[in-house]
Amino acid sequence: MDAKQEIEKLIETKKQEFIDVSNEVWEACETRFALKESVKSFYKVLEKEDFSIDKGIANMDYSFVATYGSGKPVIGILAEYDSLGNLSQVADCGDKRPLVKGGNGHGCGHNLLGTGALAGAVGIKDYMKAHNLKGTIKLFGCPAEESGYGKAFMVRDGVFDCLDIALAWHPADISSVTGASSLAVYQAYFNFKGVAAHASAAPEQGRSALDAAELMNIGVQFLREHIVDSARIHYAFLDAGGESANVVQPTASLFYFVRAKTLDQARNIFRRVENVARGAAMMTGTDLDIDIDCACANYVPNKVLSIMMDENLRNFGSLNLTKEDLEYEKRYFDPLSDAVKEAIYNRTKAAFSDLSEEEIRKIADSPVTDKIFPLVFSDDAPASTDVGDVSWVAPTAQINVACEPQGTPPHSWQWVANGKSDVAHKGMLAAGKTIATTAYDVLTNPNLVEKAKAEHKEMLGGKKFVSGIPTDVMPHQ
Ligand SMILES: [Zn+2]
C-alpha cells in the first residue's frame, strides 16, 4: 500500500464518525452567522483528534481555526456549514415536502462540505502522526458563505496570511476541479428615510422614501447601459414603506448586489450606484444611509495546485456507485424536464468529445455520475464565492464532487432531500480523500509549493491584496 492509499484507508476507518457529523449539521440546519449547534459537531471531533482550536475568529462567534502540527508548509482547508432559509425538506423524499413550514434546509450541501473538509484534515493528520511528517494543517470554520461572506472578513483580518496553500471543495452534480473564476461582488443596504404625511390632505408636508427608492432603481437601470457587459446588478425591496397607499411612505430599504469580473471593477460600479442613490435622496428630500454588508473578490484558481488536485480527484474521487445508489437517485432525476436532460446531454458531449455517442448517452442518462469532468481554466463563472478572497492571499485549488443527482441545481429541495443519502456521503468522503492526498503532495514536494507560490506572486503583480470590505464594517450577525 502506498502513502496515498494509506491516507484513503485512514479516512475510510473513521467514515461513520464523519457521516454522523454531516447528519448532525443537516439536522441543525442553521443559517448565516448563527451556527452554534453546527460548530459543536466539529469541535467534538477536532478536540478528540488532537487539533488545537481558536474559536470566534474575526468577530464571528461560530468561526474557528483548528490547527495540527508545526512548521512549514502551512496548509489551509476550508469548511462551511451554513444552510439556507425556506428550504426545509423531508430527507429522502422524491417530492417537495417541507419538514418544518418556512424552516431552513441544507440546499447547498454545506453539511457535506464542512464534513468533507474535516475528513480531509483528520485524514492527513492521522498520516502525519503515524509517519512523523512535519508541517501544519489548519481547518478553517467559515460561517455565512451563503450570505455574509465569513471568509472575506477572515481575509480582511489577516486570518489566512499564514498559509502556503489553501484547499477547498463543494458538492455538485458532477465531479471536476474548479477551473473557472467567479465574479467579485459588493453587497449593500440602501436605507431611505423620509417624512410621513397624509398623501391627499397634506402631501406637501411629506417626503417619500418610497419615491427615493424607486428613483434609485430607475437611475440604476440607466446606469446598466454604461458599465462593462460582464457586470451584474440585482436588487430586492426589503421595505417599501407600508401598506397604506394614502400615506407618504417614510421609510424604504433596498438590498443591492453589484458583481463584476474583478474587485476593482465591482468597486467602481458600486461607487456609481452609491452616487445614484445619493441623487435619488437629493431629488426627494430624504435621508440616505448606505450600509455595506460585505464584499468579496473573484476566485482565481492556482493552476499548479489545480492540476495536482485533478490527478488526486481522478485517483480518489470515485463514488463506487452501486445499483441501489442509482435506483435511489432516480426519484430526483426521473421527474426532471426534457430541457434539463437535454442540457445534461449537451454538457457531457461538450466535455467528452472523444467518447462514442453510446458512452455519452450512458453518462448523461445516469441519475448520478462519478465520471470526472475535464479541468478547464476559464473566467466565465457567473456566481460569486468568498473562496475568492482566500485565493488572493494564498494559492488555492477547489474541486466539485458529485454528491447530488445530475441536473438538479444548488439551492433546491432536491439537494436538501439528498443530503443524508449514501451517494451524498460517498461524495463527501471522496472529497476528503482528494483534499488529504493533495495535502500529502504539498507536504512532501516543496518544489510544487514553490511553483504554486511563484504563480500566485505573478498573479498579484507586486501588489498586496486589499479586501473590498471597508475597515469599519463588521459582519452583519
Ligand atoms: Zn454553497
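In this predicted model, N132 sits in the loop that joins α4 to β4 (135–141). The phi angle of N132 is near 50°, a positive value in a residue other than glycine. N132 counts as exposed because 6 C-beta neighbours lie inside 10 Å, and the cut-off for an exposed residue is 12 or fewer.

D92 also calls for a look at the backbone. D92 is not a glycine, yet its phi is positive, at about 65°. D92 belongs to the loop between β3 and α4 (110–131). With 12 other C-beta atoms within 10 Å, D92 is exposed. In the loop between β2 (64–70) and β3 (74–79) lies P73. The peptide bond that leads from K72 into P73 is cis, and its omega is near -10°.

The chain as a whole is assigned two domains: domain 1 (3–182 + 298–460) and domain 2 (184–295). Their C-alpha centres are 36 Å apart. Where they meet, seven residues of domain 1 are in contact with eight residues of domain 2. The domain 1 side of this contact has two nonpolar, four polar and one charged residues.

Next comes the interior. In soluble globular proteins, nonpolar side chains tend to be buried together. Here the largest nonpolar core has 132 residues, and the members that touch the most others are I77, L78, A79, A117, L118, I165 and A439. Helix α14 (residues 422–444) gives the most to this core, namely twelve residues. Both domain 1 (3–182 + 298–460) and domain 2 (184–295) give residues to the core, so it lies between them. Apart from this core lies another, of seven residues, among them C108, W413, W415 and V416. Leaving out residues up to four places away in sequence, A79 touches L113, G114, A117, L118, L139, F140, G141 and C142.

Helix α7 (residues 263–284) shows how a helix can be checked against simple geometry. At 1.5 Å a residue, its 22 residues should span 32 Å, and the C-alpha atoms at its ends are 31 Å apart, which agrees. The buried residues of α7 are L263, A266, I269, F270, V273, A277, A280, A281 and T284. These cover an arc of only 135° around the axis, so they are on the same side of α7. The face of α7 turned away from the buried side carries the exposed residues R271, N275 and M282. After α7 comes G285, with a positive phi near 65°.

A last stop is D325, in helix α9 (residues 323–333). D325 is partly exposed, since 17 other C-beta atoms lie within 10 Å. D325 and V423 are 98 residues apart in sequence, but their C-alpha atoms are 6.3 Å apart in space. Not counting residues up to four places away in sequence, D325 touches V368, D422 and V423.

Methods
Residues are numbered from 1 along each chain as its sequence is written. This is a predicted model: local features need pLDDT of at least 70, side-chain atom pairs count only at pLDDT 80 or more; totals for chains, interfaces and linings use all residues. Helices (H or I, at least four residues) and strands (E, at least two) are DSSP runs, numbered from the N terminus. The expected span of a helix is 1.5 Å times one less than its number of residues. A residue is buried if 20 or more other C-beta atoms lie within 10 Å of its own, exposed if 12 or fewer, and partly exposed in between; C-beta atoms are placed from the backbone. The arc is that of the directions from the helix axis to the C-beta atoms. A nonpolar core is a set of buried Ala, Val, Leu, Ile, Met, Phe, Trp, Tyr and Cys residues joined through C-beta atoms within 7 Å. Domain bounds come from an automatic or database domain assignment. Two residues are in contact if their C-beta atoms, placed from the backbone, lie within 7 Å. Ala, Val, Leu, Ile, Met, Phe, Trp, Tyr, Cys and Pro count as nonpolar, Asp, Glu, Lys and Arg as charged, and the others, Gly among them, as polar.
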